[in-house]
Amino acid sequence: MTRLKKLLVALTPMGAAAYVAGGGTFSSVADLVEWARHPTRHAPAPAAPSESAALWRTKKALLLMMAIGAAAYFGLGGTFASFSAETSNLGSGISSGTLTMSNQVNTGTACLSMNGATQDNIAGCGAALTVSNIAPGMFGPAQSAKITIENTGSIDASKLYLYAPSVNAKLSAALTSGVAVTTLTVTPLEGPVAISDQIVVSFGGHSQTFTASAAAVGGATSISVSGSPLANFSYPLSSNVNDTSSNTSVNNTDCYDVKTQSPGTPGATQGSQLNFNPTTGNPFCSAVLMYVQETTGGTYYCWSGKGSSPQAANGLCVAPVSVTLTTGLTSGVAPTTLQVSALNGNVTSGNQITVTSGTNTQTFTASADAHIGDTSIAVSGAPAANFSYPSSSPVVNTSALTSLNSDTTDTISTFDTLHPVGGRIQLVPVQSNGVLNTNATVQLSHFNTGNFTRTFYVGLYLPVPAGSNQNALQGLASTFGLTWHIDQ
Amino acid sequence: MRPAGPLRSIARASGRQSSTWRLKKVLLSLIVLGGLSSFTLTSAFALLNGESRNIGSSISSGTLTFTNRVNLGSLCYSYSGPSSSGNANTACDALFSSATQMYPGTPATSRVTIANDGSLDAQDLSVYMPSCTAAATPTAPSPGGADPCAVAGAQFYIQETDSSFTATSCKYPAAAGSCTFAANTLFFFKSSANSAPTAFDLGSGPAHGQSRYFVIGMQLPTNASNALQGEEALFGLTWRVTT
């Protein structure tokens with residue numbers, strides 16, 4: 001029926017064409033009406049006799065077609081189908097799910113990837129750690145942080161990655177499409193840029209690669225680019241800027257060193273006043289140790305740091321402990337457990353745990369593993385306390401410190417060069433302590449299902465290597481980042 | 001692989017043996033592969049992803065520096081001094097001058113203030129005497145020839161005080177309260193504390209922003225030999241703090 005109607009409608013213009021093309025045949029509508037009532041009386045316009053009759057017949061036929069077509073168009077809907085049946089699948093739709101994540105440092109506000117200013121589901125979240133005024137061998141509460149990664153979307157993430165971001169910044173001056181670019185004005189660079197480095201500016205689905213025409217130090221706020229290329233998009237403020245040539249050596253890592261510009265305590269000296277602490281080669285980044293410990297669901301895996309390679313059987317990174325007794329010890333009484341404030345590091349069975357109060361000190365041997373967050377350490381050997389150590393007495397894991405003090409490989413610089421985006425760590429779900437579930441097809445389940453939240457602790461420690469002072473590391477500040485990434 | 005209908009007609013027109021035809025077969029294969037992978041290999045291409053970056057984490061070290069002031073002299077900084085190298089300044093004021101000639105039993109003292117101007121607490125303060133050598137007093141016409149650094153030579157003490165230089169404890173030779181001169185003390189000190197590893201321990205501190213105060217005493221023994229006339233002891237004291 002619909003097909004027929006279409007055919008009839010198609011005849012209408014043919015009829016109209018005939019009417020127009022037959023110029024002079026009807027001089028008015030009245031002529032047409034008269035012709036319709038008495039076609040034989042109508043006097044055709046003068047024409048050659050042989051042509052006239054044929055033309056006349058043709059015009060009548062065409063006019064008829066026009067009338068039929070018009071009627072069909074305006075009024076004959078359904079006229080040609082006496083019986084019909086029809087079904088319609090209306091309202092079909094297709095919608096995409098979401099793959100978003102949140103990143104929470106300690107108990108801070110969760111940072112959402114979808115809120116990234118660059119409209120690309122990449123969020124620049126707050127610093128994981130801000131540690132100042134440290135000395136070698138010192139380990140305080142600020143030197144570790146809990147990071148909770150959560151899938152807030154509706155789609156499972158088949159992959160969860162951790163890697164060192166490339167040297168990066170944000171545009172602090174927008175680019176205009178079609179306008180030549182000679183300099184990128186940026187927020188302080190996290191890391192240095194070398195001449196000829198490839199600098200990618202991106203926003204949403206747009207990106208453009210520039211070539212650095214000069215070196216820029218970490219913290220610099222501009223990058224010169226060569227060739228004066230025209231911007232291919234109007235990149236707004238806060239667009240991502242990444243040096244994709246970085247993280248290949250200690251000299252061009254995302255982690256970079258500067259001399260401190262303000263004192264660690266009011267009125268004290270600061271790095272910029274000292275002449276024996278050069279920043280060349282990022283020595284502080286190359287000295288500070290970092291660990292990444294997963295604790296999701298009470299199972300442990302050391303992803304980076306001492307204990308990761310080879311993986312410790314108990315899945316524990318060597319992570320310093322700096323806590324205090326919550327229950328004092330009684331002189332002459334042998335404790336079986338040390339009650340302590342929540343551990344900010346790990347204890348492996350057999351570790352030496354030292355309690356100090358003033359000039360009094362005593363070392364106990366751990367009889368079982370204790371993990372970050374635990375509030376007690378089981379000790380063996382039943383040595384009687386040699387002093388009544390009050391609560392709040394400092395407790396340290398001297399075995400961990402001794403182990404780390406000779407570690408020169410698990411540094412921030414090493415992490416950056418081993419694990420840039422090309423060497424990213426795939427955070428396979430942990431099956432049991434120190435064991436991965438390599439068959440898992442989902443590494444971060446969609447929101448509110450399975451393992452949609454995973455928990456990590458990141459810690460930093462400046463070791464005390466034997467036999468040398470570390471004056472060259474005085475008054476230095478390292479700045480670095482960590483990237484958490486999920487894929488569909 | 002047989003081309004699909006439309007492509008087959010193209011093939012007839014151009015000839016299946018032509019290079020164009022072979023190229024078309026390759027391109028068609030690529031299209032098929034691309035289409036298949038697009039629909040099946042989703043994880044490989046990560047069509048959706050999310051990312052968060054903890055940027056700007058920082059860790060900074062503190063400073064451990066101090067000043068050394070002799071009596072009312074100028075401050076001598078462990079760092080950035082004209083002779084400073086590696087946070088060690090060897091150009092601080094002398095404690096005593098050869099011009100102040102000593103007599104047996106007549107002590108000479110100098111006040112030393114060690115102030116921690118760094119941001120870190122000093123866990124330990126120590127002092128040592130790198131050397132002590134005898135020389136003729138520059139203005140003495142006839143040196144006696146004895147060595148004031150040796151046994152029976154000069155006597156020496158290190159008195160800790162409060163900020164007004166009132167004695168609190170005698171550090172060397174160790175005693176409660178005020179120091180007194182004892183025989184052979186310069187010799188013993190330079191013999192036992194003459195390098196960083198063997199430095200004489202003065203205990204913990206000063207904490208950052210704090211100072212410790214000392215009086216250094218020297219004396220020729222009351223029974224000094226004439227052989228010590230016209231002789232001088234040339235020595236230095238090195239103060240050292242560690243975290």
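Good morning. In chain A, the C-alpha centres of domain 2 and domain 3 lie 25 Å apart; the domain bounds come from an automatic or database domain assignment. This is a predicted model, in which local features need pLDDT of at least 70 and side-chain atom pairs count only at pLDDT 80 or more, while totals for chains, interfaces and linings use all residues. Residues are numbered from 1 along each chain as its sequence is written, and chains are lettered from A and ligands numbered from 1 in the order in which they are written.

The assignment for chain A gives domain 1 (2-75), domain 2 (112-163 + 250-295 + 303-311 + 407-482), domain 3 (167-246) and domain 4 (321-399). Between domains 2 and 3 of chain A, 12 residues of domain 2 are in contact with 15 residues of domain 3, contact meaning that C-beta atoms, placed from the backbone, lie within 7 Å. On the domain 2 side, strands S13 (256-259) and S26 (476-487) of chain A each give two or more residues; strands here are DSSP runs of E, at least two residues, and helices runs of H or I, at least four, numbered from the N terminus.

I turn now to a sheet. Six strands of chain A form an open sheet in the order S16-S21-S18-S19-S20-S17, with antiparallel pairing; two strands pair if DSSP finds at least two bridges between them. Strands S16 (322-324) and S17 (337-339) of chain A stand at the edges with a single partner strand each, so one side of each has no neighbour in the sheet. Within the sheet, S18 (residues 352-357) and S19 (residues 360-366) of chain A pair in the antiparallel sense over 6 bridges. In one of these, A:Gln352 has A:Thr365 of S19(A) as its bridge partner. Thank you.

Key. Two residues are in contact if their C-beta atoms, placed from the backbone, lie within 7 Å.
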